[in-house]
Amino acid sequence: MEEPCGAGAAAPLRGDAEEPKQGSVLFLGGNEVKSCAVVKYSSAPPQAAFARLQEKTDLKLPPANWLRESAKLGPAGTTILGNSKKSKPFSSFGMAYDFIDSVGNDVDVVSDSENIKKLLKIPYSKSHVSMAVHRIGRTLLLDELDIQELFMRSSQTGDWTWLKEFYQRLIDQKWQRKKKSKEHWYQKAILSKFLYYSINGDGAAQPVPSTSKQHQEGPVAGESDEAGRASWPAPFEMPSSLSEDPGASNQGLKNDFVRNILWTFEDIHMLVGSNMPIFGGGRYPAVSLRLRDNNKPINVLTGIDYWLDNLICNVPELVMCFHVNGIVQKYEMIKTEDIPNLENSNFSTKVIKDIAQNILSFLKSNCTKEGHTYWLFKASGSDIVKLYDLTTLCEETEDKYQNPFTMPVAILLYKVACNMMLKKNQNKKHYGTIRTLLLNCLKLLDNGRHPQIIASANYMLSELFQLDEPKKEDSADFPINGNSDESYSEEEEEMPDSDENGSYSNSSDPPDDNKAVAIIKSVGELSVPEKYKSVHRIRPSCAFPVCHGTEERCRLVLNHVLEGLKSVDSSVKKEGDLPAADPSTPIPLKYEDESTSGGPESLEKQMALFLDKMGSFQKGKHCSQSGMIPGSWQYKMKLQLILKSSRAYYVLSDAAMVLQKYGRALRYIKLALQCHDTYCCLCGSMLPEVLGFLCQCLTLCGDIQLMLAQNANNRAAYLEEYNYQTKEDQEILHSLHRESRCQVFAWATDLSTDLEYQLSVSCKCYEAAYEILLFSNLKSQNPEQHIQVLKRMGNIRNEIGVFYMNQAAAVQTERVVSKNVSTTEQQLWKKSFSCFEEGIQNFESIDDATNAALLLCNTGRLMRICAQAHCAAEGDFKREFSPEEALYYNKAIDYYLKALRSLGKRDVHPAVWDSVNWELSTTYFTMATLQQDYAPLSRKAQEQIEKEVSEAMMKSLKYCDIDTVSDRQPLCQYRAATIHHRLASMYHSCLRNQVGDEHLRKQHRVLADLHYSKAVRLFQLLKDAPCELLRVQLERVAFAEFQMASQNSSAGKLKTLSGALDIMTKTKGAFQLIRKELVAETEQISKDRSPAESVSVSDSSAGLNKEEVLKLLGIFESRMSFLLLQSIKLLTSSKKKLGGSSEEEAALRTNKHIYSLLLRATANKGLSLLERCELLLGLLEQLEGSPGLQ
């Protein structure tokens, strides 16, 4: 057996969620029905035993405690079993407000138990039925609609005339309010007296004023005067409390039932209100008490009444007291399951179940529009049940608020949506439902009357669109766009089923039925099982809109924000308003030009003012120009709406950044910061998350200004994007200007054409964000944001440092006349160095070794520019490598070495490591080259200079990685080859100029030969340096000639000459590369130019300097001619003296032949460059096969 309703247990607070208990199966009258009842709330005291009256007790005499307030009876005694004179058309709304969790989802029906009983008795009763039906999600709210009481009011006030006329014309042309008979009131009076006798007259009740009218038609004892007034409000005569506070209860909206019960009848879940008194005693913990006239048998309607009351309240037993003319005769105990089988009151519980299911299906299939008021009506004595859409009928009048249900329905829609929004763990899958509820709520409300609810609903609508995370259109966890059957389409047109399936006829056969939404032609059909079971699903409504992009999503948010702002602004008193601006007139956006901008200096002042103001926010200062009162709903709502719009504009700006629409991005971040400015003006204290968001805005603004500075070529397009404004943005800005001038962040969001100013603004944005993080103590709360801001600060300082460094280099390039470094250059160096230094500190503070290394590398480059600036002016023949140059190059080397130490090892960041090594190698190489080319002989000895050059070159080689395969490898190989070439040349020069120390000469000779060999090997690896290779080989030949000059023996000289000629043959690879390029160039010229055009010899291709080639060819031919001639002389002399070998004779013949060909070639001036190369290649091949070179 189910648990008794509230049997001795403390009642839960109203609104507490309770899990329904499993119902047991009752076998009633041979038919099986399932019923389960769980008390959700009870105001009744613990049940007490009823007093069994003595036989012959006269119930016509009032007991001593009659009509006194009694907790045991609740309102039942004073209102005569809960039926007051006034109908309660909003009773279901009171319950719905208290148990908002159940509405829209879990519960099918919310209603008074009297209404449930009346519906289930329709097939058995000839009485009229008039109920208002409202749909909220999948829940139906049923309320008594006393049409005649409504018309009584209409006669007095003139309201509802449209419904009165409709009723008279189409339904009941002769309507009169039927007066209750004296017998009716007599029976009610003795029932009330019987109940007071039965509670044993314990005197617990307090006496209340008693009048004859009060005991017949009085209101519930203890209710306020307001509650005792007419239950029907005048059309939209709602007190300000309701319009100001959506949660406030209003007349007729109070949940004044003794108990609220979650009743499950078969598969129907109902939230039911009941005032039936329940007593303890007997064999069961709970009984209901009934009074019957012994002369009148119990009929079916009464039996159904008793049975349903006991089922709803889970009461297992009924105690019946019989009387004759008010004199008590006897008592009889009846079990609840036996009630359907009483004599003269037989009914089938299965039929009652079918009636309930059919009525619910009928209503759910036809009451499809949320927010609409439906009227279920059956005339007295009629078998036809009709359903009308009163909202549609009401729309034919001028004022939709003629419908008194408009406001309660709107508030309930709003409350259900609020409740769903609060369930954060699961609300995403209900977003479509929440949106439908709120949109339907807004349709019912008038902005002039309910600005608070409209503003709040629009804010919640804007909250449905997630701005903080990427939109997941097809999320498996939260199918936002999925079709949920929890909401229903407002545009739904029901397709009527066939009659076989239990259709609801929409036909206009009777001429007065054309206004009905649906009709049950005969109440007898309700008893047929599944007669009205709908065979189709109602289409889901207002599926959550699919946003095809971030901008579309944000625009929907801003649209709702704007509507909310309009509602708030319209409700604020106008006396203190600013002079009204025209929302359709664009508010000009300030456009900064470099001629008007104050530069970085004025920016510092603006920044200081901003931070000072931010400090004042922390102290709680605030002001509103529109006169809004802090703490009012307008104040709180506008803060939320402004913050939401700021976030939407931030997301739009971020999306525009991704699309590289930097003008648009700056416009949006300007609007975001203007929103934030207004928020700051209104808000007395800044929440940490709001300050964190402000840091995000300033950081993004800094990013945008940096991008604008780096993309100056598209400035015109960015300016056009920046100045464009939508009407929606203008109206939002107009609302902001009611509260603030929105100028606090103007310094950060102006579009300037001055590059330096843009970079400075970007830097100041990051600095402002960093300062906010510091003074608001957000650094520890959000360490990731702190790191990102510091990274950006380091980056922008690097950018500004590079900007000043490049400016200094440009000034240096333009400086021709003056030999001295200008003051401008020095100032630029200082600014650049200061920025680099600060940037390095930023990166080091967050242990970002890679970026710190890059800035150290840039500082090294700055030092090299300083060194270059100290070079003597061109044309000075006494040019020497100065101490200042050496100082700055050494500083550069120090910074590069610091960068390497910062990285630690190559694995940290290979690309940066290789870059720093290359720059360090370049610095050593440059310094060594300058010392070698412009030797400071006035300050240092030749030997010391050679030593320093050698050391610098070797260090350059150390940091020049020729082995690692990368894009830079060919450059490294060329650099290394050049270093070896220079060192070889230096030692060669030393050898030529040195006299004396033979050991040192020998050492220089070995070193020169070593470096020449390494240079040749490296140049041979490169395919684009034939001239360099040729030059090195020619120097090697010269080196051999120099050695030969110091030799005395013919054999030694001959050997040296042979070696020199061997070097000559090894230049064949260089000539092949030169020939290849010349052939390719000739083919290209023949394609691109007509034969009539001539090509001068000096024209050079992209990869070959022809003048250099001609010069080297001339030297090569002369040196080859010289070596061949010397070889011929020595071989001839050797033959005469010693009678040379056959090999020497063959070599002599070959050399003579080659020498002869070479002389003819050099004599022929008409040969082209290509022909000369090919001739030399042929000679080298012959020379290579000479016996003397084998």
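A crossing of two helices is called left-handed if the near helix is turned anticlockwise from the far one by less than a right angle. The views below are taken from a predicted model.

**View 1. Helices α29 and α30 pack together in a left-handed crossing.** Helix α29, covering residues 910–933, and helix α30, covering residues 942–958, have axes 8 Å apart and pack at an angle of about 160 degrees. That angle makes α29 roughly antiparallel to α30, because angles over 145 degrees are counted in that way. On the α29 side the meeting residues are Ser 921, Tyr 924, Phe 925, Ala 928, Thr 929, Gln 931 and Gln 932, and these face Ile 945, Glu 948, Val 949, Ala 952, Met 953, Lys 955 and Ser 956 of α30. Sorted by class, this contact of α29 with α30 contains 7 nonpolar, 5 polar and 2 charged residues. As background to the spacing of such residues, an α-helix has 3.6 residues a turn, so residues three or four places apart point the same way.

**View 2. Helices α25 and α27 also meet in a left-handed crossing.** The axes of helix α25 (residues 783–814) and helix α27 (residues 849–869) cross at roughly 15 degrees and come within 11 Å. At this angle α25 is roughly parallel to α27, since the cut-off for that description is an angle under 35 degrees. The residues that α25 brings to the contact are Gly 794, Asn 798, Val 802, Met 805, Asn 806, Ala 809 and Gln 812, while α27 brings Leu 855, Asn 858, Arg 861, Leu 862, Ile 865, Gln 868 and Ala 869. By class, the residues of the contact of α25 with α27 divide into 7 nonpolar, 6 polar and 1 charged.

View 3. Helix α5 runs over residues 182–198, and its 17 residues reach 24 Å from the first C-alpha to the last, which is close to the 24 Å expected at 1.5 Å a residue. Its buried residues are Lys 188, Ala 189, Ile 190, Leu 191, Ser 192, Lys 193, Phe 194, Leu 195, Tyr 196 and Ser 198. In the loop between β10 and β11 lies Asn 325, a residue that has a positive phi of about 55 degrees although it is not a glycine. With a relative accessibility of 52%, Asn 325 counts as exposed, because the cut-off for that label is over 50%.

**View 4. Helix α14 is largely enclosed by the rest of the structure, since 12 of its 13 residues are buried.** The buried residues of α14 are Pro 451, Gln 452, Ile 453, Ile 454, Ala 455, Ser 456, Ala 457, Asn 458, Tyr 459, Met 460, Leu 461 and Ser 462. The helix covers residues 451–463, and its end C-alpha atoms are 18 Å apart, in agreement with the 18 Å that its 13 residues should span at 1.5 Å a residue.

**View 5. Ala 976 is a buried residue with a relative accessible area of 0%.** This residue has its place in helix α31, residues 969–993. Leaving aside residues up to four places away in sequence, Ala 976 touches Leu 957, Cys 960, Ile 962 and Leu 1018. The C-alpha atoms of Ala 976 and Tyr 959 are separated by 10.0 Å, the two residues being 17 residues apart along the chain.

**View 6. Leu 700, placed in helix α19 (residues 688–710), is buried at 4% relative accessibility.** With residues up to four places away in sequence not counted, Leu 700 touches Tyr 650, Ser 653, Asp 654, Met 657 and Ile 669. One of these contacts, Ser 653, is 47 residues from Leu 700 in sequence, and their C-alpha atoms are 8.1 Å apart in space.

**View 7. Lys 56 lies in the loop between strand β2 (31–42) and helix α1 (91–98).** Phi of Lys 56 is near 75 degrees, a positive value in a residue other than glycine. At 56% relative accessibility, Lys 56 counts as exposed.

Definitions and conventions
Residues are numbered from 1 along each chain as its sequence is written. This is a predicted model: local features need pLDDT of at least 70, side-chain atom pairs count only at pLDDT 80 or more; totals for chains, interfaces and linings use all residues. Side-chain values use heavy atoms; hydrogens and water are left out. Helices (H or I, at least four residues) and strands (E, at least two) are DSSP runs, numbered from the N terminus. The expected span of a helix is 1.5 Å times one less than its number of residues. Buried means under 20% relative accessible area, exposed over 50%, partly exposed in between (1.4 Å probe, protein chains only). Axes are lines fitted to C-alpha atoms, for helices over the stretch in contact, and angles run from 0 to 180 degrees between N-to-C directions. Angles under 35 degrees count as roughly parallel, over 145 as roughly antiparallel, 65 to 115 as roughly perpendicular and the rest as oblique. Contact means heavy atoms within 4.5 Å. Ala, Val, Leu, Ile, Met, Phe, Trp, Tyr, Cys and Pro count as nonpolar, Asp, Glu, Lys and Arg as charged, and the others, Gly among them, as polar.
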